[in-house]
Each structure stands twice: as C-alpha cells, then as structure tokens.
Amino acid sequence: MEVREHFSQQEPFDLIHYVDHAKLPTQYGTFIMYGFLDPKTGKDHVALCYGKPKIGEPVLIRLHSECLTGDALFSARCDCGFQLSKALENIVENGSGILLYLRQEGRGIGLLNKIRAYRLQDGGADTVEANEQLGFEADMRDYTFCRGMLSFLGVSEVKLMTNNPRKVKALTDVGINVVERVKLQEGYNEHNAHYINTKAAKLGHMFDKSHMNLKKAE
C-alpha cells in the first residue's frame with residue numbers, strides 16, 4: 001500500500017486517482033469498469049476494458065466525451081450515441097480494447113450550456129458559432145488526464161478510434177504513441193448533417209465525404 005501511495009503522487013499517476021473497478025455486462029459483452037477521479041476538476045471518469053490485449057501490440061481505444069442527449073436519450077442531432085455503440089461493438093469484435101468515457105459534456109461547456117447552444121443552433125448558428133456566442137471556445141475539452149488513466153491500465157501504444165485530429169495530437173503530446181487512427185463514421189442523418197459538416201469544415205474532423213454524400217442521398 002505504501003508503494004502504491006508513493007506512485008500515486010508521481011506523474012502521470014497524479015493526473016487522475018483510481019477509485020475502484022467492477023464488472024459491467026452490456027449488450028455487446030462484459031467489460032470491466034474502472035472508476036477514476038480528476039483531482040483538478042473534481043469530475044469522475046471511467047474506463048471500460050474488454051479482454052486482454054496481446055503483448056507488444058497497440059491497444060484499440062476510444063476517447064468518448066459524455067453526451068447525455070446522444071448516449072442516453074438517443075438524440076439524432078449529433079453522432080455521439082452512434083459512435084459510442086459502434087466503438088463498443090468494435091472493441092468486442094477485436095477481442096480486446098478500452099473505451100474511456102470522459103465527463104466533458106458539450107465539448108466541455110456542460111449540459112445546461114449545451115442546451116443554450118442548441119437553442120442558438122435552432123436559430124441558425126452552427127455548433128462553433130453557438131459556443132462562441134455563449135463566450136466559450138469551440139472545443140473546451142482537455143485530454144491530459146487520459147495519460148494517467150492509460151498509464152494506470154498499462155497502455156502506452158494505441159490504435160485510436162476517432163475522426164478528430166485533436167485527439168490524436170492530445171495523446172501524442174502527453175507521450176501516448178498513436179500508431180494508427182481508426183475512422184469511426186456512424187449515424188449521419190438529416191438532423192445532424194450540418195453538425196457533421198461543421199465539424200469537418202471548422203474543426204478539421206476527418207470524414208469520408210463519399211460516405212456522407214451517400215447517406216445524404218438516401
């Protein structure tokens with residue numbers, strides 16, 4: 001216990017505090033859910049781990065920011081819930097992997113401000129403009145603490161499921177080797193077409209345009 005306490009105060013383990021873990025059966029398979037507390041913000045985050053990665057191979061992971069409307073309320077305004085489902089499915093099909101579920105609702109502005117941003121979007125603003133009109137940056141999320149979560153789980157090399165180049169850079173900047181970006185394109189529909197197009201045009205998200213055009217045509 002003394003050794004564990006010593007290392008918990010050292011970087012990168014001091015970035016996040018491990019609390020406990022338990023089994024989490026899902027429709028995709030049974031994961032082990034690890035709970036962490038961010039001492040800087042007071043927010044809690046979880047890592048959903050499935051299987052055992054092969055030694056010497058990068059771990060398939062997803063950094064998924066909380067989206068109550070998409071993940072739990074089945075909103076079609078964004079692609080978050082669709083991506084969450086597909087990421088968990090991909091991890092199980094791969095035989096192993098980790099999903100970090102991060103409490104950074106609304107790109108870091110929080111649920112209530114996200115509702116305010118939605119109202120502005122209903123009036124014609126895009127997602128970036130809405131955040132800025134409320135006095136926020138387009139994306140307020142911080143991924144630094146993810147290094148602590150991945151280090152606790154013994155992960156240093158990953159295959160990252162994302163369309164967002166900022167996530168690749170964020171992990172690389174804190175010393176996590178991203179050996180491959182795995183695209184995750186799900187849920188494109190008439191309600192989120194403008195949202196996804198804005199992510200591509202203003203935030204640099206990497207989407208397969210032919211896929212988007214096909215969905216739009218349907």
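**Entry 1: a lysine with two partners**

I started with Glu129 and Lys202, whose side chains meet in a salt bridge at 3.4 Å, N to O. For a salt bridge I take a side-chain nitrogen of Lys or Arg within 4 Å of a carboxyl oxygen of Asp or Glu. Glu129 sits in helix 5 and Lys202 in helix 8, so this pair ties together parts that are 73 residues apart in sequence. My helices (H or I, at least four residues) and strands (E, at least two) are DSSP runs, numbered from the N terminus.

Lys202 also meets the side chain of Asp126 in a salt bridge, 2.7 Å from N to O. Lys202 lies in helix 8 (residues 193-203) and Asp126 in the loop between helix 4 and helix 5 (127-133), so here the parts tied together are 76 residues apart in sequence.

Which of these residues are buried and which partly exposed? Asp126 is buried at 6% relative accessibility, Lys202 is partly exposed at 42%, and Glu129 is partly exposed at 32%. I call a residue buried under 20% relative accessible area, exposed over 50%, and partly exposed in between (1.4 Å probe, protein chains only).

**Entry 2: what kind of model this is**

A note to myself before going on: this is a predicted model, where local features need pLDDT of at least 70 and side-chain atom pairs count only at pLDDT 80 or more, while totals for chains, interfaces and linings use all residues. Residues are numbered from 1 along each chain as its sequence is written, and side-chain values use heavy atoms, with hydrogens and water left out.

I looked up the pLDDT, the predictor's confidence in each residue from 0 to 100. The chain averages 88, and 89% of its residues score at least 70. A contact here means heavy atoms within 4.5 Å. Where pLDDT is low, the predicted coordinates should not be read in detail.

**Entry 3: the whole chain**

I counted nine helices and seven strands. Of the 218 residues, 44% are buried. Among contacts with a separation of 6 or more, 60% are between residues 24 or more positions apart. The chain exposes about 11600 Å², with carbon and sulfur atoms supplying 53% of it; accessible areas come from the Shrake-Rupley method with a 1.4 Å probe, and for residues only the protein chains shown count as cover.

**Entry 4: back to salt bridges**

How many salt bridges does the structure hold? I find eleven. One of them joins Asp44 to Arg103, with the closest N and O atoms 2.7 Å apart. This pair links distant parts of the chain, 59 residues apart: Asp44 is in strand 3 (residues 44-50), and Arg103 is in the loop between strand 5 and helix 4. Asp44 is partly exposed at 41%, and Arg103 is partly exposed at 32%. Glu66 joins Asp44 and Arg103 in a network of salt bridges.

**Entry 5: cysteines**

How many disulfides are there? Counting pairs of cysteine sulfur atoms within 2.5 Å, I get zero. The sulfur of Cys80 has its closest cysteine sulfur in Cys78, 3.6 Å away, which is too far for a bond. Cys80 is buried at 14% relative accessibility. Cys49 is buried as well, at 12%.

**Entry 6: a nonpolar patch**

Leu68, Leu73, Leu111, Leu112 and Ile115 make a nonpolar surface patch of about 450 Å². The patch rule takes residues with over 30% relative accessible area and no salt bridge, joining like charges within 9 Å and nonpolar side chains (Val, Leu, Ile, Met, Phe, Trp, Tyr) within 5 Å. Helix 4 (residues 111-122) gives the most, with three residues. Ile115 is in helix 4 and is partly exposed, at 48%.

**Entry 7: positive phi**

Most residues other than glycine have a negative phi. Phe74, not a glycine, has a positive phi of about 60°. Phe74 lies in the loop between helix 2 (68-72) and helix 3 (80-94) and is exposed, at 73%. Arg107, also not a glycine, has a positive phi of about 55°. Where is Arg107 placed? Arg107 is in the loop between strand 5 and helix 4, and at 11% it is buried.
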